[in-house]
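Subject: Structure handover

Hello,

Here is the structure I said I would pass on. Please look through it first; my notes follow below.

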Amino acid sequence: MKTKIYLDYNIFVNYLKGIETYNNLDDFKNHYSFFYGPPYLEEVVNINLTHKQKEIDRYITGMNKLFEKNVFLPVLDGDIIAYKKDANEVYNNVVGNLEATELAESIEYHQMSAFKEMQKEFSFDSAVMSNELPNQIFYHSKVQSYLDYINIHAIDFLIYRLPMENAYFYLSSHRKTERLISTLFNVLESIGYRGEKMKKTVSRLHDVSHAIYASKADIFVTADARFAAKCEAVYDYAGVPTKVISYEEFLHLDIR
């Protein structure tokens with residue numbers, strides 16, 4: 001069975017642009033199965049160009065070519081599963097749920113404001129926090145104290161203190177995986193770890209969505225170093241076995 005690789009959206013965009021170092025992605029398909037998820041189409045929906053439909057068609061055609069219709073999709077009341085499905089069909093499903101996506105984007109803006117306030121309230125120094133290694137940040141003494149505070153004052157956030165032996169329970173359900181990964185990313189944002197600017201709220205929302213679906217792959221490849229560090233931290237703490245690597249690291253994988 002081929003290694004499953006989830007390519008971050010920025011990788012696909014560079015491939016579609018024909019950037020030289022991304023042109024050879026098709027050559028790797030003999031060794032790997034490339035996957036995408038619904039967040040791809042959520043980003044495509046947001047394309048804001050004069051010839052929007054023509055551009056959307058170009059993206060969808062490119063997705064079917066690169067991914068060979070390999071996509072991770074959630075099962076109703078179940079897990080996220082690997083499917084073979086035309087990107088047009090996935091796009092139509094995303095468009096059909098566009099109101100939910102727009103609501104999530106609106107909520108995200110208000111959440112980001114709250115994260116910034118929490119960072120001030122608990123006196124987290126973003127420079128200090130961001131200097132911690134991804135596999136150590138959740139175990140920093142101040143972060144542990146912060147998690148303890150949340151457990152006491154907000155019952156809905158008990159998932160932050162997930163015991164590692166119960167990780168499989170959370171990672172075997174789409175909804176539970178979504179909640180687990182989202183809340184851990186929220187913790188990182190509220191302590192200022194590789195934090196995003198307010199104008200990046202929608203971008204952060206899609207990043208988290210990609211991290212949720214990528215958790216079902218063997219390897220997650222991204223060209224965003226800030227996002228990669230946060231994703232690595234979340235996966236490590238949650239017990240997600242997916243390896244996070246840069247595009248440069250991907251190009252040097254041993255495929256013999």
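Helices (H or I, at least four residues) and strands (E, at least two) are DSSP runs, numbered from the N terminus. This is a predicted model, in which local features need pLDDT of at least 70, side-chain atom pairs count only at pLDDT 80 or more, and totals for chains, interfaces and linings use all residues. Residues are numbered from 1 along each chain as its sequence is written, and side-chain values use heavy atoms, with hydrogens and water left out.

The chain as a whole

The chain has 12 helices and 6 strands. Of its 256 residues, 48% are buried (buried means under 20% relative accessible area, exposed over 50%, partly exposed in between, with a 1.4 Å probe and protein chains only). Its accessible surface is about 13000 Å², and carbon and sulfur atoms account for 51% of that (areas come from the Shrake-Rupley method with a 1.4 Å probe; for residues, only the protein chains shown count as cover). Taking contacts between residues at least 6 apart in sequence, 73% link residues at least 24 apart (contact means heavy atoms within 4.5 Å).

Strands 1 and 2

Strand 1 (residues 3-7) and strand 2 run parallel and are joined by 4 bridges (two strands pair if DSSP finds at least two bridges between them). In this pairing, T3 is opposite Y32 of strand 2.

Two loop residues with positive phi

K69, in the loop between helix 3 (52-67) and strand 3, has a phi near 65°, positive although the residue is not glycine. K69 counts as partly exposed because its relative accessible area is 36%.

R194 is in the loop between helix 9 (174-190) and helix 10 (201-214). Its phi is near 50°, again a positive value in a residue other than glycine. With a relative accessible area of 24%, R194 is partly exposed.

Around V75

V75 sits in the loop between strand 3 (70-74) and strand 4 (80-84). Its relative accessibility is 32%, so V75 is classed as partly exposed.

Regards
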